[in-house]
Amino acid sequence: MWAYFIYACETVIVFYVAQARLKKFVSTSERRFDEIIYNIIFLSILAPHFLLPLASWRNGSEVAKFKNMWTKFQVRYLRVTGTPIEFPILLSITWFLCFFSWICSIAVVLSQFYLQPDFSIYHTFAYYHILAMLNGFCSLWYINCTAFGLASKALQAHMKVTLKEEKPSKKLASYRNLWVDLSHMMQQLGKAYSNMYGIYCLVIFFTTIIASYGSLSEIIDHGVTFKELGLFIIVIYCMTLLFIICNEAHHASRRVGLNFQDILLNVNLTTVDVA
């Protein structure tokens with residue numbers, strides 16, 4: 001109940017700020033190029049407040065399916081290996097990212113307040129939770145990909161130990177099934193969050209292009225000012241989010257896919273040589 005109330009209050013603030021920016025943008029007779037760029041950027045940053053929750057709620061059933069697959073996988077992992085999956089660092093990482101998301105959000109918004117002359121103090125309250133939400137979704141992706149990497153690493157370690165034992169073929173099929181389940185979970189991760197992260201990346205990428213174009217154009221025409229420094233902060237912030245998402249997805253896919261395939265291929269080659 002409180003979550004809906006807080007979201008409703010935030011929506012009122014976002015509507016008020018968006019209306020003020022649109023009114024200023026439309027009513028000004030002689031609009032400068034930099035003012036047009038700044039209005040487009042700060043309006044685009046307001047869009048995730050409405051788009052991302054709708055996109056995430058739409059795929060709620062797929063997210064629940066993904067969580068249930070994790071539970072079943074952990075049970076099967078315990079039966080095959082005899083030990084539960086341990087994520088010793090995920091709890092600390094989760095708490096750290098929770099606080100860091102808000103700290104980073106406050107720092108970025110306040111930097112725009114001090115560097116952008118037309119950025120009022122009451123406008124900042126419409127952006128704190130949005131940037132924190134963007135940071136939170138990026139953190140969620142990082143945690144999920146890290147969990148896949150840790151699970152794959154633990155599974156590979158158990159499989160290597162089993163291969164050194166006598167008659168390991170009895171357990172190889174079980175390990176292969178666990179690997180297949182892990183691969184299916186990665187596919188389900190993409191399916192569960194496809195709409196949300198698709199819109200997420202589009203908004204971030206659009207903001208990055210506009211901020212880069214605006215800052216470089218102003219530097220060429222008028223030289224470096226504090227306004228351009230504020231835009232560069234937005235560019236660096238957005239590119240960091242995109243890099244984390246792409247980098248973690250790449251490493252998770254490699255750990256679950258290619259690394260495990262190499263082990264299975266070596267097992268098959270060894271079996272052929274022995275035969």
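Here are a few friendly points on the predicted model shown above.

1. Let's start with the fold. The protein chain has 9 helices and 0 strands. Read from the N terminus, its elements run α-α-α-α-α-α-α-α-α.

2. Next, burial and surface. The protein chain counts 275 residues, and 42% of them are buried. Its accessible surface is about 15700 Å², with carbon and sulfur atoms contributing 68% of that area.

3. Helix 4 covers residues 60-81 and helix 6 covers residues 128-163; their axes come within 12 Å and cross at roughly 15 degrees. Angles under 35 degrees count as roughly parallel, and helix 4 and helix 6 are therefore roughly parallel to each other. Their crossing is left-handed.

4. Which residues bring helix 4 and helix 6 together? From helix 4 come Phe66, Lys67, Trp70, Phe73, Tyr77 and Thr81. They meet Asn144, Ala147, Phe148, Ala151, Ala154, Leu155 and His158 in helix 6. Sorted by class, this contact has 9 nonpolar, 3 polar and 1 charged residues.

5. If you want a place to begin in the viewer, the pair in the last two points is handy: look for Trp70 and Phe73 on the helix 4 side, and Phe148 and Leu155 on the helix 6 side, which are among the residues of this contact.

Technical notes. Residues numbered from 1 in each chain as written. Predicted model: local features only at pLDDT ≥ 70, side-chain atom pairs only at ≥ 80, totals over all residues. Heavy atoms only, no water. Helix = DSSP H or I, 4+ residues; strand = E, 2+ residues; numbered from the N terminus. Buried < 20%, exposed > 50% of the residue type's maximum accessible area, 1.4 Å probe, protein only. Areas by Shrake-Rupley, 256 points an atom, 1.4 Å probe, with all protein chains shown as cover. Axes fitted to C-alpha atoms, helices over the stretch in contact; angles between N-to-C directions. Parallel < 35°, antiparallel > 145°, perpendicular 65-115°, else oblique. Left-handed = near helix turned anticlockwise from the far one by under 90°. Contact = heavy atoms within 4.5 Å. Nonpolar A, V, L, I, M, F, W, Y, C, P; charged D, E, K, R; others polar.
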